[in-house]
Every structure is written in structure tokens, then in C-alpha cells.
Amino acid sequence: MGKVKSFFKSGRFVSLVWIIGIVLAWEIAAFFIADVFHDRMMNSKLPYLHSIIGTIVGNFALLSMACATTLSRAIIGFAAGALVGFALAIFMSLFRPIEKISYPYLLLSQMVPILGLAPVVISIVHKVQIGSVTIAASDITRVIIAAYITFFPVATNMLSGLKSVDADKLSLMFTYAARKPTVYAKLMLPFSVPYLFSGLKIAAPLAVTASILVDSLGAAGGIGYNMTYSLYTGTYSIFWASVLCSAAMGILGYYAMVLFEQLFMPWKRGSSKKGGR
Amino acid sequence: MGIVAVFFRGMSEMQNIKGTFRNNSAVRLVPAKENLMTDEMRAQSEIRIEHVSMTYPEEGGRSLTAITDVSLDIQKGEFISLLGPSGCGKTTLLRLIGDLLQPTTGSITVSGDSPKAARMNKKYGIVFQNSVLYDWRNVRKNIRLPLEVMKIPKEEWENRVDAMLDLVGLSNFGKHFPHQLSGGMQQRVSIARALAINPEILLMDEPFSALDEFTREKLHEDLLRIWQRTNKTVVFVTHNIAESVYLSDRVCVLSPHPGRLSAVVDIDLPRPRVKEMRDSPEFLALVSKIRNSFEGV
């Protein structure tokens, strides 16, 4: 009895309701379009969810290949961007003038829409030949754009973490006569880990988006390529299947970060209560 | 049983104070902690504060005087409280001793050295109002923190941590994270961490003020037991009169606007202190004596 009760109050239950709600709403809306209004454009407007899932199963090889192409570039770009953002945050917290000088540029960088930036990068970047391996220009572009979009939320969140270390914790390090590297290793960085992860959680779906965007801007593969191409050719089943796949990748990116967060911050697991010290 | 001489420095310099303590003589004898005083400890005051003033610069060229012309000698092994309402500069004074702030004028010496030298020589253990534990470290690793930072040989870590856990009665909680502990336990970990480097002086900044009454009284017993066992010099900041009387050998009463030392009261209750003393007439008399000294504030 108690277990049932606590399940109804748990976050899992809420997520379950959400998922069921979305599936139901989708199916009902599709039903109205198809069988009430008898819309002949039903397949482009909103096909049944179960038929899309059927398409995904039927074209699993094609779609998973495309997903792998998009996702792998997104992951590389994300990792590179996260690293740059992390380093930048530490650099800015170490040297206040650098923060003051570079921050407006960082803001500016995020005001430029990537939709406008991506073609510029594509036109600049050329394919790279390393030995027998050729890296396509579109791959490099995907990585660059994904990194470009990732570094900012990571850098700003990390920086705000480094800046919110409370004075008493620092005083403690001062009384221990700790040097700066020690203060960073033992206090600043571990303290900022939760902030870092909130940055990573924002950035992960964005990196996927960036990679998909470059797919559709003239790459020869990837899930974004599938979307554009199937839209042109009128194969709406593949289009919707691709949309669902890209949504799944974004969500996957987010939850991968949640998982990492829990792995890296065991002290946060099951905390929350007794916060008022 | 030994006797320790307690000096009142700076008392004669204070004027126009409405408190009742102007008639304190320069030297008074108070009963010492039993079996704990040695000749060496009697020899010389450990912390010497001479005419110390502290002014914080404020925006617009104005400044805020936190404390003015405080002189005080603290003996080795003494438990001394800095008592006063908020704004009296008691925390400032503690931070000056701990080298977390520099005095504007006057000087502080710790066994003849500067506070900075004392800090570098691992002489201070500090306990703040909040336990200031590092959330990402479990209890053991929190206590180990100063040992890691202050380059104590690695072989000693585990033994020292075990000893500290035992001292504060948390041997079964080494693997717990701070958020899994009650406020009282967190503060005990904080005390253990402060004592891990075996400092000579324990600086405590309102360590129990965030705790409920029951936990606080329990921690009073623990702190006194730890103090008797380790024989540290304790400088204890508080705004709780009864707390200062119960714990201390001497209570330094500070008054605000500007912060100044308005009285030093000997607490001649016998040691070891026991809970029942809180209701004794002597205890209550000391509390009311100190309370009355604030009337002019």
C-alpha cells in the first residue's frame, strides 16, 4: 500500500503520466486528421505515432547509420566545446581582467545565429587528408559548430560556479596556507562540478541540433540530410521517423549528462533534505 | 591544583563606560582548571593583543570602525569568550587573531610571532558558524582535508582521522556525507577537522549559534571534554551570555558603535563544569552581572 502511494508521489510517476499523455494526444490528433477530417495530407501533417515507429523499425539500418553519423560528430564537437568552455572558465576566474575583456566577445559570439554562421564555416573549411584517412569538410563543420554552441553555456555556468564558492570555504583554505593550485584542485573545481553539469545539460541537446543543422546544409549524410531529402522527395514516413530520431538524440544527450552527473557526484545522490545548515 | 594569573590589560584605559567592571584590579587570581596547569603554561600569555583597531573602508571614502583600541592577553590553555551583540566587532577580533584580517593599528602577537607566522606554523584551527564542510567529501575526507593541504605525512592521515572521529564521537559516521548528518554532527566534524592538524589555538566563531538549544548544550559538554583532553587555547565568539559563562575561564564583553572591549569577567566556577551548574546561584549571578553590563549599550 505504502509503496503504491510513494510511487504515485515519485518523479517517475510524473514522467510516466507525461509520456502517456503525449502518446495519447498524438494518436488522438492523428485520428482526427486522418479519420474525422479525412485530410489527404495526413502523412505530412501528423501521421500516427505507431506508424512512425513502424517506419523506424522497418528502416532501422538506414536510420541508425544516419543517427550514428550525426551523433558521433555532435559528441566530438560537444567534447571539444566542453573542454574549451571549461578551460576558458578557469582562465577567466584566475585572471579577472581577462574575464572583463573576453566576456563581451563571448556574448557576441552567441548572438550570431548559427544558421548564418554554419554556411560561412562550410565555405571556409576544406577536407583534411591524414595519411589514407580523409575527413570530409562537412564532418569538420559539424564538429566546429557543435563545439561553438557548446562552449558558451559550459564556460558561463562553470565560471558562475567558480565565483559562487562561499567566503568561509575559501577562508578555510587560507588558514591552511594553501597555494592556488591546491585551492583549485581541492575546493574551486569540485565545488563547481554541479554548475559545470548544468552547463553540459544545456549544451548537449544543442550540440545535437548543431550537428543536424549542418547535415541539412549540404552534407552527404546524417539524420538532418535524411530529413531534408525525404521532405523534397515526399517520403514523409522517413521524414517523420527522422524527426523522432533527432528528438530522441537530443533527449539522449541530456540524459547522458544526467547520468554522468550522478556518477561524478555521489554526494548529491539522495540529498536534498537537511539543506538548512 | 595550580593557580594562574590573569592579566587585565587595557582596562585602565577605558573611560566613561557604564558597565560595572571598572573597579577590576590589574591582576586577579582565579581558580584554575584542575590538574591541567603547568609552570610552562603560566609563564607567558600566548596571544597578546595590543591597542588593536580595525577600520573597514567603505564606498564613498567613508569608513566603518569595527573595533577600537582593544588590548587583551590570552593565556595558554585558556578558554576565553568574546561576547557581545552584533556589530560589536567580536568576529572581527577573532579574524584578526586568525590572520584573516589585518589590524589598522595596533599589534597582535602569538607566542611572540605574527598571526601570519602562527597560521603558517599550523597553530590555528578554525570553526565557523556554519560547519563549512566540503559537500563532496565524506566525513573522513573532510577531516583529512587540512592534513592533505598542510603536507602532513600520508602515513599519519588515517590514524589522525580515526583519533579525531573518536574524539568527537563520530567513529561510525566516517563514510557519511555532510548532508546525511544533523547540524550538531556537522559542527562536530568541523571541530574534528580543526583539531586534526593539532593546532595550539582553536578559534571558534559562533560555532553553536545555528543549533537548537538541546544540541547546543550537548555540544557544550563535548567541547569542554575535548578541551580538557587536548588542552588547547580556545577563543570562542558568541552572543549567548549563558554559553560564554558556562564554557569560559574569562568572558570578554564587547560593546558596539564602535566595537570596544568594555569588560573582562572572570568565571570562577569550578572545573569540570557540569550541567547542574547552569541552575546554580553562582552561575546565574554571573549571567546577570554580564547582562547588566550591557545596559548602557
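Chain A contains twelve helices and two strands. The model is a predicted one. Read from the N terminus, the order of elements in chain A is α-α-α-α-α-α-α-β-β-α-α-α-α-α. The C-alpha trace of chain A spans about 75 × 65 × 35 Å along its principal axes. Chain A has 277 residues, of which 40% count as buried. When contacts in chain A between residues at least 6 apart in sequence are considered, 69% of them join residues at least 24 apart.

**A helix pair in chain A**

Two packed helices are described by the angle between their axes and the distance between the axes. For helix 5 (residues 60-94) and helix 10 of chain A, the axes come within 8 Å and cross at roughly 145°. The crossing of helix 5 of chain A past helix 10 of chain A is right-handed. On the side of helix 5 of chain A, the residues that meet helix 10 of chain A include A:T70, A:L71, A:R73, A:A74, A:F78 and A:F86. Among their counterparts in helix 10 of chain A are A:K180, A:Y184, A:L189, A:L196, A:L200 and A:D215. By residue type, the contact of helix 5 of chain A with helix 10 of chain A is made up of 16 nonpolar, three polar and three charged residues.

In soluble globular proteins, nonpolar side chains tend to be buried together. The largest nonpolar core in this model has 134 residues, and B:V235 and B:I290 are those with the most contacts inside it. Helix 10 (residues 180-216) of chain A supplies the largest share of this core, 15 residues. A second, separate core has 23 residues, among them A:Y48, A:L63, A:C67 and A:I212. A:I212 is also one of the residues of helix 10 of chain A that meet helix 5 of chain A.

What is B:V235 in contact with, leaving aside its neighbours within four places in sequence? The residues are B:I47, B:I74, B:I80, B:L82, B:L94, B:I97, B:I201, B:L202, B:L203 and B:M204.

| Residue | Relative accessible area | State |
|---|---|---|
| B:R250 | 0% | buried |
| B:N142 | 0% | buried |
| B:T109 | 24% | partly exposed |

B:R250 lies in strand 10 (residues 250-255) of chain B. The side chain of B:R250 is joined to that of B:E78 by a polar contact of 2.5 Å. Along the chain B:R250 and B:L82 are 168 residues apart, while their C-alpha atoms are separated by 8.9 Å. B:L82 is also one of the contacts of B:V235.

B:N142 belongs to helix 4 (residues 139-149) of chain B. With neighbours within four places in sequence left aside, B:N142 is in contact with B:L133, B:Y134, B:R137, B:P178, B:V189 and B:R193.

B:T109 is placed in strand 6 (residues 105-110) of chain B. Buried residues have under 20% relative accessible area and exposed ones over 50%, so B:T109, at 24%, is partly exposed. Beyond its neighbours within four places in sequence, B:T109 is in contact with B:E46, B:I47 and B:R48. B:T109 and B:L133 are 24 residues apart in sequence, and the C-alpha to C-alpha separation is 29 Å. B:L133 is one of the residues in contact with B:N142.

Terms used
Residues are numbered from 1 along each chain as its sequence is written. Chains are lettered from A and ligands numbered from 1 in the order in which they are written. This is a predicted model: local features need pLDDT of at least 70, side-chain atom pairs count only at pLDDT 80 or more; totals for chains, interfaces and linings use all residues. Side-chain values use heavy atoms; hydrogens and water are left out. A nonpolar core is a set of buried Ala, Val, Leu, Ile, Met, Phe, Trp, Tyr and Cys residues joined through side-chain atoms within 4.5 Å. Buried means under 20% relative accessible area, exposed over 50%, partly exposed in between (1.4 Å probe, protein chains only). Helices (H or I, at least four residues) and strands (E, at least two) are DSSP runs, numbered from the N terminus. Contact means heavy atoms within 4.5 Å. Axes are lines fitted to C-alpha atoms, for helices over the stretch in contact, and angles run from 0 to 180 degrees between N-to-C directions. A crossing is left-handed if the near helix is turned anticlockwise from the far one by less than a right angle, and right-handed if clockwise. Ala, Val, Leu, Ile, Met, Phe, Trp, Tyr, Cys and Pro count as nonpolar, Asp, Glu, Lys and Arg as charged, and the others, Gly among them, as polar. A polar contact is a pair of N or O atoms within 3.5 Å; within protein, one must be able to donate a hydrogen and the other to accept it, and residues adjacent in sequence count only if both atoms are side-chain atoms.
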